[in-house]
Amino acid sequence: MSQTTEPPILRRRKNDLPDDIVLNILTRLPAKSVIRFRCVCKPWDSSITTPYFISTHFNNFAHDHDNGNGDGDGDGYIIHMPWRLRATKNSSNRPVCTVAFDRTFDRISEVEIPFDFPSGSAHIVGSCNGLLCLADIGNLNISDNVIYLWNPSIRKFKKLPDSCLGRLGFVKYGFAYHSENNDYKVVRISGYPGMRPPIPDEIEVYTLSSDSWRRVGMSLRVNVKVLDDCFLLPAPLVSGALHWISRVVEGEEERKVELIVSFDADSEEFRMLRMPDGAMSMVRFQTCLASFKGKLAFLTFGQSEQRGGFQYSIWVMREYGVLESWNKLFVVPLERLAVCIAFTMCGSLLTHCLKTNNQEQKFVLVDTETLHEKDFDIQQPLCVANLMESLALLDGASMVSY
């Protein structure tokens, strides 16, 4: 009697790894590899496109880039692009973005944006969990004021619907992750500065899960006006809230006071935060907000104590919402009049040194901890945002693949 043998495929399956171990391994692979593994079988494809898998994959990569200490000291990445696009006869208004290390800005690769901007001027609104938000900034026409969500890791993007506001003034943006619902939100604030009588800002919020805009109220005094003096820098997302420098007009004398206005992405409530004591008493040419190792940072540029010199002073709010926790962390001396165009999570300050009678413009990258300066070979200001591999947008509908 002959002995029956099992087919080879059945013998191999006895040695297969359990499904939970396989999925755990997949969550630690680069995004491009994970996308290819969707083709292995239907169960893998179904598992990879779940919100749980996508968030676990991102958390693993975020942990690795933090070196396990959670303070952002790991080797991170940034993506930057010129904010004014230069189209040629044979090309569209599609800038080429550069992926680089966040501490040194050393180039890693280049990637072309897969969509057009009607006006030829665009900037990066923000970055959340590897997902980028980009907006056309040169057009007040609602139909041309386009906004995109884009994940270069998985080559997918989505164009947002038109605004629900009747008209647009001077526009400010913010991009946030809604942790409670694992969702993403875009905030658009339309204002008319200098109008008499003052016109309150109009605000709308886009939610990715519903793919729609809706109006929201500021729930603060009507004399709060959101400013945008540093439009190249994304509104920082810290402790689940977006932040902008704003102006409040008080009293009959219309005294103007600058404050920080925050928007909580979960509750959709606005609140006001005071700036650091002493920060507003100095002669300032620029003020802006940023995120530094997950904390809110306040930057000012003005004259230094040394005659003829300038400096950046950088405060960090060590405990979010506690005004007494503002701490002046860095003072960066500069010889020339400059404008900050980027401040990375690791503390790299990218400045645009302006042209003078005997000096050409140049771009300088400064390490705020060591004060080491590095001339940066670019020709015009950049929009800069953090970048990390992720699978965000993989489980969404109405996405465009390219």
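D45 and R38 form a salt bridge, with the closest N and O atoms 2.6 Å apart. A salt bridge here is a side-chain nitrogen of Lys or Arg within 4 Å of a carboxyl oxygen of Asp or Glu. D45 is partly exposed at 26% relative accessibility, and R38 is also partly exposed, with a relative accessible area of 26%. For those words, buried means under 20% relative accessible area, exposed means over 50%, and partly exposed is in between (1.4 Å probe, protein chains only).

A quick word on the model. It is a predicted one, so local features need pLDDT of at least 70 and side-chain atom pairs count only at pLDDT 80 or more, while totals for chains, interfaces and linings use all residues. Residues are numbered from 1 along each chain as its sequence is written, and side-chain values use heavy atoms, with hydrogens and water left out.

Searching the whole structure turns up 12 salt bridges. Here are three of them.

| Pair | Closest N to O |
|---|---|
| D45 and R38 | 2.6 Å |
| R188 and E204 | 2.7 Å |

R215 is partly exposed at 47% relative accessibility, and E202 is partly exposed at 22%.

Now for R188 and E204, whose closest N and O atoms are 2.7 Å apart. This pair also links distant parts of the chain, with R188 in strand β9 (residues 183–191) and E204 in strand β10, 16 residues apart. Both R188 and E204 are buried. There is also a network of salt bridges that links K185, R214 and E268.

T207 sits in strand β10 too, which runs over residues 202–207. T207 counts as buried, at 8% relative accessibility. Leaving aside neighbours within four places in sequence, T207 is in contact (heavy atoms within 4.5 Å) with D183, Y184, K185, S212 and R214.

**The chain overall**

The chain has 5 helices and 26 strands. Helices (H or I, at least four residues) and strands (E, at least two) are DSSP runs, numbered from the N terminus. Of the 402 residues, 48% count as buried. Take the contacts between residues at least 6 apart in sequence: 51% of them join residues at least 24 apart. The accessible surface comes to about 20500 Å², and 49% of it belongs to carbon and sulfur atoms. Accessible areas come from the Shrake-Rupley method with a 1.4 Å probe; for residues, only the protein chains shown count as cover.

**Sheets and hairpins**

An open sheet is formed by 5 strands in the order β4-β5-β6-β7-β26, with antiparallel pairing. β4 (122–128) and β26 (400–401) stand at the edges with a single partner strand each, so one side of each is left without a neighbour in the sheet. Two strands pair if DSSP finds at least two bridges between them. Inside this sheet, β5 (residues 131–136) and β6 (residues 147–151) pair in the antiparallel sense over 4 bridges, and L132 has W150 in β6 as its bridge partner.

Strand β18 (residues 295–303) is mostly covered, with 7 of its 9 residues buried. β17 (residues 284–292) pairs with β18 in the antiparallel sense over 8 bridges, and the partner of R284 in β18 is G302. Their hairpin has 2 residues between the strands, and K293 takes a positive phi near 50 degrees there. β18 also pairs in the antiparallel sense with β19 (residues 310–317), over 7 bridges, and F298 stands opposite W315 in β19. The hairpin of β18 and β19 has 6 residues between the strands, and G308 in the turn has a positive phi of about 85 degrees.

V238, in strand β13 (residues 237–238), is buried at 2% relative accessibility. Setting aside neighbours within four places in sequence, the contacts of V238 include G294, K295 and L296. The C-alpha atoms of V238 and A290 are separated by 9.0 Å, although these residues are 52 apart along the chain.

**Cysteines**

The structure holds 0 disulfides (pairs of cysteine sulfur atoms within 2.5 Å). C133 is buried, at 0% relative accessibility, and its sulfur is 8.7 Å from the closest cysteine sulfur, in C128, too far for a bond. C39 is exposed, with a relative accessible area of 69%.
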